[in-house]
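Please read the following notes alongside the model. They are grouped by chain feature and contact.

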Amino acid sequence: MELTTVWFTLIAVLWIGYFCLEGFDFGVGMLLPILAKDDTERRVMINTIGPVWDGNEVWLLVAGGATFAAFPEWYATLFSGFYLPLLLILVALIIRGVAFEYRAKHDDVTWRRNWDLAIIVGSFVPAILWGVAFGNILRGVPIDPDLEYTGGFFNLLNPYSLLGGVMTLLLFLTHGAIFISLKTDGPIREAARSLAVRVGVGAAVAAVVFLLWTQIHTGDVASGVAFVLAALALVGGLAAVLVGREGWAFIGTFAAIALGVAGLFLALFPDVMPTSLADGVSLTTSNASATHYTLTIMTVVAVIFTPVVLAYQAWTYWVFRKRIAVEHIPATVGAPSTIPAG
Amino acid sequence: MDPTDIARWQFAITTVYHFLFVPITIGLSAIVAGYETAWLRTGHERWLRLTKFFGKLFLINFAIGVVTGIVQEFQFGMNWSDYSRFVGDIFGAPLAVEGLLAFFLESTFLGLWIFGWDRLPAKVHAACIWLVHIGTLFSAYFILAANSWMQHPVGYKYNPKTGRAEMHDFAAVLFNKVQLVTFPHVVLSAYMTGAAFVVGIAFWHATRRATPADDVPMYQRAVRTGAAVLLVAGLGVAISGDTQGKIMTDVQPMKMASAEGLYGTESSADFSLLTIGSLDGSHEKFAIKIPGLLSFLATGHTDGEVKGIDDLRAEYKDTYGQDPGATYYSPGDYTPVIWLTYWTFRIMIGLGLLAAAVAAWILVATRRGRVPQQRLLLWAALALPFMPLFANSFGWIFTEAGRQPWSVFGVMTTAQSVSPGVSTGEVLTSLIVLTLLYGVLAFIEVRLILTYVRRGAEQLQPPTPPDPGSDADRPLAFAY
């Protein structure tokens with residue numbers, strides 16, 4: 001396999017990791033006003049992702065950095081082209097990240113309400129916009145022979161890409177609801193389960209339409225197989241919720257997102273950003289890539305360190321594996337200074 | 001306004017802002033890790049209380065450092081796409097490695113440290129904060145390697161076919177001579193910054209009347225450990241900075257000439273502490289000068305020759321041709337903005353020296369458990385956290401502004417780096433939105449820090465007695 005293909009695959013893996021992981025913590029953030037009845041329940045929800053959301057977000061940073069290093073032209077065209085949506089995503093991620101840490105630092109109703117709002121909005125905006133962005137990448141955007149995006153902002157708002165946004169929104173809501181049902185106990189667990197099924201049906205419909213549309217537009221056999229498996233995983237996940245198997249349900253939506261994103265990258269390959277202009281130039285894995293030397297160095301680094309990262313991230317989930325319920329939430333806000341048992 | 005100017009303002013504002021939080025993160029993570037280790041080794045409660053107290057302040061600071069870091073990675077592509085295309089092959093690699101090696105380590109183990117007080121054995125818990133600190137060092141190393149390449153591009157070849165710089169020696173990029181001295185300089189400055197933060201806050205608690213007498217020795221220890229770290233790190237900053245000046249004279253002579261505003265080439269060049277008059281060299285009204293010091297800083301000898309701006313300008317023109325960047329922001333070809341480089345260089349050094357002096361004074365004044373009561377010392381201690389903090393900012397402004405008109409020295413100008421497809425309106429929107437957002441966050445952050453500083457190190461509560469049946473219903477030791 002050529003190194004450019006290896007790096008296309010690795011970047012796909014990074015985005016898969018990002019959407020599978022931050023997907024559920026976006027979902028938890030968006031469901032905050034829907035599933036929680038009071039402040040303690042909101043804290044139950046936030047604490048299910050408290051130790052892990054930041055690590056989940058790093059997948060995005062590494063995906064961005066890897067794109068910069070492995071496909072500089074792709075990074076340059078994409079980031080300068082999708083300027084305003086990316087600015088919105090940045091603002092959303094900023095307020096959301098600060099909110100998790102600051103919300104509990106001051107015992108005041110207005111303070112917490114405002115940070116709750118930051119978490120909710122900060123989760124909704126990227127959950128939709130990432131779908132819109134990927135829709136546009138797959139659909140093709142105006143890229144001129146200088147590899148510059150020439151489409152402006154409103155060109156990004158087309159039915160196919162907006163459907164992509166609806167799909168990621170509903171998928172992340174479902175994924176988040178299932179995560180909540182897996183990680184909590186008590187009434188909130190029940191509420192999350194029933195919500196997961198209802199939203200999940202919508203997510204399945206949106207996903208089937210969007211993926212079918214993609215398959216007809218740019219798909220090949222491999223992407224078709226991935227999309228069918230993704231749909232099966234999603235249906236299986238929702239069935240598992242219905243019979244009360246939350247662990248399997250989470251594996252189901254996790255696999256659905258992973259296979260769906262894998263299918264999108266398969267449909268994209270060997271382009272990385274196709275042009276919609278007749279006289280434009282598409283960015284591909286070969287004309288957008290870094291040199292063989294740089295890709296070799298990066299491959300060595302990735303081969304050594306990716307397993308280490310996966311191991312310690314998995315360990316974190318193991319350490320914080322216990323379910324959280326209302327009775328586990330300390331009455332005090334922030335960190336009570338207890339002497340650790342160890 | 002030109003989009004390049006706006007993009008530069010955004011880069012300056014967001015980067016200086018981000019780098020207020022970064023050095024505190026690097027320095028304070030080491031000090032908090034030290035306190036937790038001291039608690040493990042001695043079992044003495046005061047170290048645990050200090051760990052938790054400064055740990056909380058660390059987290060309030062860290063949150064903003066993390067989220068403003070995302071902007072840093074995105075804006076190369078957003079505002080500087082031609083730069084990204086040109087250098088991605090080289091500059092992208094350390095950035096990607098930074099993400100994989102550093103960001104995962106920091107974020108994952110910080111999550112474990114914050115929430116893991118009751119889930120991890122004490123030694124593993126302490127190891128987590130050490131790993132966070134190691135993550136910050138990795139992060140600093142790779143991002144500084146990327147910056148050092150911009151200061152002194154090595155290990156690459158220009159490929160005229162693709163119009164891009166292509167890497168052929170990654171080791172040369174990682175062990176660039178500029179990098180080898182910049183890394184210690186920046187990291188040791190970060191230790192100074194973290195230590196100054198600890199000393200200022202602990203000194204205030206140690207000397208104020210409301211502090212319970214039992215707690216004074218604890219704060220005294222924080223003051224003295226912090227001041228000692230500050231002094232040792234400060235010595236290292238001075239040595240590495242001195243070496244850096246000599247390397248800069250070699251690789252970017254214009255930057256060092258601009259640091260003094262030295263127009264004509266001189267052997268035994270003086271260093272002025274301050275100058276009143278015009279810095280274009282036409283008239284100088286008043287200056288305090290130390291004879292030969294610039295020559296010493298630049299060459300290691302008081303009578304060494306330092307090239308002046310005028311000669312260098314002619315030299316640069318011979319080497320690089322007409323300066324395409326000069327038309328829009330710099331009065332002279334290949335000359336940075338002299339008043340900016342002149343003053344930022346002095347303020348950086350001045351604040352660093354002042355911080356070290358205050359730390360030395362505090363160490364003397366607090367020897368053998370003394371609690372000093374001089375008003376002046378208290379004010380100096382309260383100002384201390386800001387000294388290295390702003391010295392960092394001025395140092396970076398000097399380093400980056402002094403490289404102008406280049407983004408990659410000698411290879412690519414800043415004007416050539418900007419995104420050609422992004423409109424003035426878009427960059428301006430981004431500048432305004434981010435600046436306002438950062439302003440609001442700064443306001444909230446400072447208030448929160450002050451609240452927690454005032455609260456002081458809380459008393460430890462004995463853990464709730466474990467339920468003999470199960471521990472399932474015990475509240476979390478820490479929750480958001």
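1. Overall size. The C-alpha trace of chain B spans about 80 × 50 × 40 Å along its principal axes.

2. Basis of the notes. This is a predicted model, in which local features need pLDDT of at least 70, side-chain atom pairs count only at pLDDT 80 or more, and totals for chains, interfaces and linings use all residues. Residues are numbered from 1 along each chain as its sequence is written, while chains are lettered from A and ligands numbered from 1 in the order in which they are written.

3. Content of chain B. There are 15 helices and eight strands in chain B; these are DSSP runs numbered from the N terminus, with helices being H or I of at least four residues and strands E of at least two. Of the 480 residues in chain B, 53% are buried. A residue is buried if 20 or more other C-beta atoms, placed from the backbone, lie within 10 Å of its own, exposed if 12 or fewer, and partly exposed in between. Of the contacts in chain B between residues at least 6 apart in sequence, 76% join residues at least 24 apart. Two residues are in contact if their C-beta atoms, placed from the backbone, lie within 7 Å.

4. Strands β1 (residues 156–159) and β2 (residues 164–167) of chain B run antiparallel and are joined by four bridges; strands pair if DSSP finds at least two bridges between them. B:K157 stands opposite B:E166 in β2(B). Four residues lie between the two strands of the hairpin, and B:G163 in the turn has a positive phi of about 70°.

5. Contact between the chains. Chain B gives 73 residues to the contact and chain A gives 71 residues. On the chain B side, the elements that give two or more residues are α2 (45–79), α3 (81–115), α4 (122–151), β2 and α15 (424–455). The largest share of that side, 22 residues, comes from α3(B). The residues on the side of chain B that touches chain A divide into 44 nonpolar, 17 polar and 12 charged. Here Ala, Val, Leu, Ile, Met, Phe, Trp, Tyr, Cys and Pro count as nonpolar, Asp, Glu, Lys and Arg as charged, and the others, Gly among them, as polar.

6. Cis peptide bonds. The bond from A:F269 to A:P270 is cis, with omega near 5°; A:P270 is in the loop between α10 (246–268) and β1 (271–273) of chain A. In chain B, the bond from B:Q404 to B:P405 is cis, with omega near 10°, and B:P405 is in the loop between α13 (386–401) and β7 (406–408).

7. A:L147, not a glycine, has a positive phi of about 65° and is found in the loop between α6 (109–139) and α7 (159–183) of chain A. A:L147 is buried because 22 other C-beta atoms lie within 10 Å. B:R368 has phi near 50° and is found in the loop between α11 (338–365) and α12 (375–383) of chain B. B:R368 counts as exposed, with 4 C-beta neighbours inside 10 Å.
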